[in-house]
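Here is a short briefing on one protein model. Keep the structure open as you read, and find each element as it is named.

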Amino acid sequence: MTAQITTSGIPFDAQGQAEESRRRDLAMQAFVRDIAMTNAVQLEACVRCGLCAGACHFFVTTGDPKYTPIRKLRPLEQAYHRHVGPFAPLFRLLGIAPRVTAEELEQWQELIFDSCTLCGRCTLACPMGIDIADLVKQSRHGMFAAGLIPDRLELMDRTTKLWGSPATPAEDFADIIRETGEERGVAMNIDKERADYLVTVAPAELTEHTKALSDAAKVLNKMGYNWTYHSKGFEASNIGYLNGDIELQEKMTRQMIDTAVKIGAHTLILPECGHAYGAARWESARWYGEKVPVRVIHMTEFLDEAVASGKLKLKQINQTASLHDPCQLVRRGGVLAAPRNVMKALGLDLKELADAGAVGWCCGGGGGVVSNKRADPIRYRAFELKRRQVEDANAERFVTACGQCRITLNLGANKYKWDKKVDSLLELVADNLID
Ligand code: SF4
Ligand code: SF4
């Protein structure tokens, strides 16, 4: 796969053989479809104050005005003014809202995919309450329809459709679980017909983070729960949520939740993955049209509940630690106290970063950015911001509760020869269980 270059020198990828005009039409149709009443109100509300710029790590670390968050909504805005807004016929007649060109769509690919992690920090800063992150995510639907997404994300899309996961064929999942259990001496449960808890995984846990698979099992075994992993519903990362493939998003969500219902589970536990939480916790109801039939919680919430129940006793680490707040879990998901409670239970003395909790800076790799090789240079710029804050906090440990954040931060650490290991909260808990 070779990136093509726009006339202004910006790399972009294209899938399929559609003519440029056809791509433009497909994207516009999808943009228009997504502009419901709420979105229209949001698109009309911007007062061009520029406050969102200072909230975005990509703008702050480059100073380049093209990374101003609201600029990332241009395609959606243009579609709105030309086709949906109250003055659309007039705007078209007077040429105020010109037709989007294929060249513009190609240039926007960088803004919508490479330089947005869907972190929502701009959303929080906007005085008009415009959910820029969500609108960028919706813009990705149009780009996917036009075959104009980064090739790396398209590859993951294709692999997921073929295999059921971007990391491994679903038919190999049970073997991975069994082998991990054998290697680490942990009793694993797979494909049980009935269980109270269905435990799901992120792709990295099937490759470099396999310890998380046995760590989750250790904790659930310790609690004495009836739980299982399941080959029919294990993949939680949901690439469709990230790349704009709405059909795949629905399929991946239904696979997990329907499996949970089938085995009689009352709770579905999501892995240490931020976007898995966004997709399953906050967007799954749209596919069911009613309350989701199972409780969906993040691994961090599960650990918090386990600690609070008094049944999970932990050894005291007695060190200082800083926490990287995963955007989808903390800012977008509201799970602010749970990781802090678990750290406290581990005897970790929390040294908060200068911007912590809901206003924490993104790791720079969310929203598919870390999987999009082309975005490496800008991602490393964003990492510098986080690195400075961690160094200023000067704690002995650095902890997070999202595997993708961990990968992003570790990549940054390797590149800059930064001597800081990023710990997983789940791993810390599993390593410090009191027998
Ligand atoms: S969601 Fe995050 S990365 Fe995307 S524009 Fe807003 S602040 Fe920037
Ligand atoms: S902060 Fe909100 S109102 Fe201000 S420019 Fe950004 S999107 Fe527009």
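This is a predicted model. Start with a pair of strands: β3, residues 197-199, runs parallel to β4, and two bridges join them.

**The four-stranded sheet**
- β3 and β4 belong to an open sheet of four strands, in the order β4-β3-β5-β6.
- The pairing in this sheet is parallel.
- In general, strands of a sheet pair through backbone hydrogen bonds.
- Which strands form the edges? They are β4 (227-228) and β6 (295-298), and each pairs on one side only.
- Y197 has W227 in β4 as its bridge partner.
- Helix α16, residues 299-308, lies across β5 (267-270) and β6. Its direction makes an angle of about 90° with β6.

**The nonpolar core**
- The largest nonpolar core holds 127 residues.
- The residues with the most contacts inside this core are A27, I132, A216, L268, L270, L303 and V429.
- Helix α8 (residues 132-145) supplies the largest share of the core, with seven residues.
- What does A216 touch, leaving aside residues up to four places away in sequence? Its contacts are V199, M299 and L426.

**Around ligand 1**
- Ligand 1 is surrounded by 16 residues. The closest are C56, P69, C116, C119 and C122.
- Two elements, α7 (121-125) and α8, each give two or more residues to this shell.
- α8 gives the most, with three residues.
- By class, the shell has twelve nonpolar, two polar and two charged residues.

**Around ligand 2**
- Ligand 2 has 13 residues around it. C46, C49, L51, C52 and C126 are the closest.
- Eleven residues of this shell are nonpolar, one is polar and one is charged.

- β9 covers residues 397-400.
- R397 and V399 point one way from β9, while F398 and T400 point the other way.
- Side chains in a regular strand alternate between the two faces of the sheet.
- Are these four residues of β9 buried or exposed? All are buried.
- β9 pairs with β7 (residues 319-324) in the parallel sense, over four bridges.
- β9 also runs parallel to β10 (residues 422-424), and three bridges join them.

Notes. Residues numbered from 1 in each chain as written. Chains lettered and ligands numbered in written order. Predicted model: local features only at pLDDT ≥ 70, side-chain atom pairs only at ≥ 80, totals over all residues. Core = buried A, V, L, I, M, F, W, Y, C linked by C-beta atoms within 7 Å. Buried ≥ 20, exposed ≤ 12 C-beta atoms within 10 Å, placed from the backbone. Contact = placed C-beta atoms within 7 Å. Pairing = 2+ DSSP bridges. Axes fitted to C-alpha atoms, helices over the stretch in contact; angles between N-to-C directions. Near = placed C-beta within 6 Å. Nonpolar A, V, L, I, M, F, W, Y, C, P; charged D, E, K, R; others polar.
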